[in-house]
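Trainee: Please take a close look at one part with me. I would like to follow a single chain from its overall form to the places it touches.

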Amino acid sequence: MSSEWPLWEVFIRGQHGLNHRHVGSLHAPDAELAIKHARDVYTRRNEGVSIWVVKSNDIAASSPSEKGPLFEPANSKVYRHPTFYDIPDDVGHM
Amino acid sequence: MTALFELLLRMGDNTLILGHRLSEWCGHAPVLEEDIALANISLDLIGQTQLWLGLAGEVEGKGRTADNLAYLRDAAEFRNALLVERPNGDFGATLMRQFLFDAWHCEQLKALVESSKARVAEIAAKALKEATYHLERSSDLVVRLGDGTDESRRRMQAALDELWSYTGELFLDGPTDDALDEAGVAPPPSSLRPAWDAIVQPVLAEATLKAPESRFAHKGGRRGVHTEHLGYILAQMQFLQRAYPNSIW
């Protein structure tokens, strides 16, 4: 039966958080029940004040095999990390 | 006040027995999500039981606790409706039983929020939040399974046909109810029927299910005359306290 239900990704906004964070996934026949399932599976201990669900199929993701071309070029560009600058004392803590 | 004690036993025994029935699904539900959801509802109901039976023990004034009332009474002293002791059957039957109960439960709790007894009103207000979610969930599932595949529809209709004759008992008035009504503690059970119909009928219609025409009602739960199923439930639920009296952990 579970194989007939699509997979949903669940995002919960916590008591003190501004952002919805990915907490996991579950199976449900439609969006409304996915939210109810998420309520039952992921907010049992008062974790959240808001729930988003999205069909896993609808998420476009980068491919792990493209990791090299996507991310490695950034490794050699240390100048993108602003760690070289002398910060005047007057500026204080940054 | 005996009538109040009776009311509290009815409320607490309904939630206790249905809570136990739902707990039997733990580890057996068709999908993980439903397994957890049923366990949550079961725990909600057992939590409500602690409040109702706890107050029942106080009202009775013989020093019995919620645990004493739950684990040390025999079947004839239980006041739950026969509906909640019905066997779980398949998942569809469990859901249909839950839906028919939830609709009554919400209306009963809404009425008790207005009770002249402050403690009753407080417990009802707390329980109503949980019951409202239970009803929302069970309504959704009844619609989806009723208006689902041929097989799910067949199972839901069979469950409705089987359980319908156990719903009438929820709305029967008796001498106890007159006393409760006069004291402003709780309205007569029959007064909840129109609101219950107004919840149940549209959901069944949307689910393409048809309730039987008959108003025949099995009854006896409130007098302690139960079906044989309650005995089996108690045998399992009470075993530990009966075999090892006063054991705690």
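Mentor: Start with chain A. Among its contacts between residues at least 6 apart in sequence, 45% join residues at least 24 apart. Two residues are in contact if their C-beta atoms, placed from the backbone, lie within 7 Å.

A word on the source. This is a predicted model, where local features need pLDDT of at least 70, side-chain atom pairs count only at pLDDT 80 or more, and totals for chains, interfaces and linings use all residues. Residues are numbered from 1 along each chain as its sequence is written, while chains are lettered from A and ligands numbered from 1 in the order in which they are written.

Now the elements. Chain A has 2 helices and 3 strands. Along the sequence they follow the pattern β-β-α-β-α. Helices (H or I, at least four residues) and strands (E, at least two) are DSSP runs, numbered from the N terminus.

Next, the overall form. The radius of gyration of chain A, taken over C-alpha atoms, is 20 Å. A compact globule of 94 residues would have one near 12 Å. That rule is 2.2 Å times the number of residues to the power 0.38. The C-alpha atoms of chain A fill a box of roughly 60 × 35 × 15 Å along the principal axes.

How much is buried? In chain A, 17% of the 94 residues are buried. Buried means that 20 or more other C-beta atoms lie within 10 Å of a residue's own; exposed means 12 or fewer, and partly exposed is in between, with C-beta atoms placed from the backbone.

Strand β1 (residues 7-14) of chain A pairs with strand β2 (residues 20-27) of chain A. The sense is antiparallel, over 7 bridges. Strands pair if DSSP finds at least two bridges between them. A hairpin of 5 residues joins β1(A) to β2(A). Glu9(A) stands opposite Ser25(A) in β2(A). In a regular strand, side chains alternate between the two faces of the sheet.

Finally, the partner. Here 13 residues of chain A are in contact with 9 residues of chain B. On the chain A side, β2 and α1 (31-42) each give two or more residues. The largest share, 6 residues, comes from α1(A). By class, this side has 6 nonpolar, 3 polar and 4 charged residues. Ala, Val, Leu, Ile, Met, Phe, Trp, Tyr, Cys and Pro count as nonpolar, Asp, Glu, Lys and Arg as charged, and the others, Gly among them, as polar.
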